[in-house]
Amino acid sequence: MKKIILALDVYNYQKAESLVKETSLYIDIYKVGPILFLHAGKKIMKMIEKSGKKVFLDLKFHDIPSTVARSVEMARELGVYSLTIHSVGGEEMVKAAVSVKNRPKIWVVTALTSQIIKSFEVVERAKFAKFCGVNGVISSPLEVSLIKKECGNDFDVITPGIRLVKSDDDQKRIADPKIAVKKGADFIVVGRPIIEAIKPSEVAKSIYESILTK
Ligand code: C5P
């Protein structure tokens with residue numbers, strides 16, 4: 001599977017559809033977050049599925065265990081490939097999500113990449129997530145190798161906070177795509193560098209080519 005996950009952080013169905021069409025040569029998984037999900041919900045899921053692609057539903061569930069488990073069941077009914085829950089929901093919540101039968105992959109958010117947080121704390125949260133039985137974690141590119149070392153290679157690490165050039169936006173703990181992949185990221189989540197580009201397909205292509213393992 002290709003390593004770039006495109007964050008479809010747009011609130012316009014047509015724009016989302018054209019981004020999927022333009023980038024489909026380089027991307028297999030599209031991330032649908034609250035903005036697009038609240039705007040176009042199931043329609044967007046269907047469009048991505050019809051394009052032969054997978055959905056990463058990034059709604060970062062954080063609620064009482066039974067509500068999170070039911071939410072994971074609903075995501076399974078929508079056919080999503082993977083989804084996020086928050087690590088701070090605690091053991092009972094994370095294990096309730098994990099216990100859902102035939103569920104999508106569960107990736108735990110260790111911390112937001114816009115937050116300043118010590119690396120050891122992120123690694124502790126990743127170890128906790130692994131102990132609870134999830135498939136992997138979302139972390140900044142800065143902690144990938146530490147998490148892989150502590151949790152093993154089979155434990156997915158997905159990194160947002162990808163920047164091609166130094167930026168002044170809300171992402172604080174950032175890295176270049178090549179570095180994130182070299183450090184062991186299984187997938188890199190890229191949003192604004194592609195969706196705000198004049199030619200999204202060209203940026204997607206250049207990131208794709210830059211991280212191809214020779
Ligand atoms: O535009 P940008 O490349 O910063 O997009 C990053 C995406 O990853 C956003 O959709 C954001 O919600 C998401 N994300 C994140 N940090 C996390 C988890 C998800 O930036 N820890």
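## Salt bridges

The structure holds 13 salt bridges. A salt bridge here is a side-chain nitrogen of Lys or Arg within 4 Å of a carboxyl oxygen of Asp or Glu. One example joins the side chains of Lys95 and Glu91, with 2.8 Å from N to O. Lys95 and Glu91 sit 4 residues apart in helix α4, so about one helical turn separates them.

## The model

This is a predicted model, where local features need pLDDT of at least 70, side-chain atom pairs count only at pLDDT 80 or more, and totals for chains, interfaces and linings use all residues. Residues are numbered from 1 along each chain as its sequence is written, and side-chain values use heavy atoms, with hydrogens and water left out.

## The barrel

Look at the strands next. Helices (H or I, at least four residues) and strands (E, at least two) are DSSP runs, numbered from the N terminus. Here 8 strands close into a barrel. Their order is β1-β2-β3-β4-β5-β6-β7-β8, and the pairing is parallel. Two strands pair if DSSP finds at least two bridges between them. Neighbouring strands of this sheet are turned by 25° against each other on average, direction ignored.

Strand β1 (residues 4-7) and strand β2 (residues 29-32) run parallel, joined by 3 bridges. Leu6 stands opposite Tyr30 in β2. Helix α2 lies across β2 and β3 (54-61). It runs at about 155° to β3. Axes are lines fitted to C-alpha atoms, for helices over the stretch in contact, and angles run from 0 to 180 degrees between N-to-C directions.

## Helices α1 and α2

Helix α1 (residues 13-23) packs against helix α2 (residues 34-50) at an angle of about 40°, and their axes are 10 Å apart. The two are therefore oblique to each other. Angles under 35 degrees count as roughly parallel, over 145 as roughly antiparallel, 65 to 115 as roughly perpendicular and the rest as oblique.

The crossing of α1 and α2 is right-handed. That word applies if the near helix is turned clockwise from the far one by less than a right angle; anticlockwise is left-handed. Contact means heavy atoms within 4.5 Å. From α1, Tyr13, Ala16, Glu17 and Val20 take part. They meet residues of α2 including Leu36, His39 and Ala40. By class, this contact has 8 nonpolar, 1 polar and 2 charged residues. Ala, Val, Leu, Ile, Met, Phe, Trp, Tyr, Cys and Pro count as nonpolar, Asp, Glu, Lys and Arg as charged, and the others, Gly among them, as polar.

## Helices α3 and α4

Helix α3 (residues 65-78) and helix α4 (residues 91-98) pack at about 25°, with axes 8 Å apart. They are therefore roughly parallel to each other. Their crossing is right-handed.

Pro65, Val68, Ala69 and Val72 of α3 meet Glu92, Met93, Ala96 and Ala97 of α4. The contact has 7 nonpolar residues, no polar ones and 1 charged.

## Helices α5 and α6

Helix α5 (residues 119-132) packs on helix α6 (residues 144-151) at about 40°, with axes 10 Å apart. α5 passes α6 in a right-handed crossing. Ser119, Val122, Val123, Ala126, Lys127 and Lys130 of α5 make the contact with Leu146, Ile147, Glu150 and Cys151 of α6. This contact has 6 nonpolar, 1 polar and 3 charged residues.
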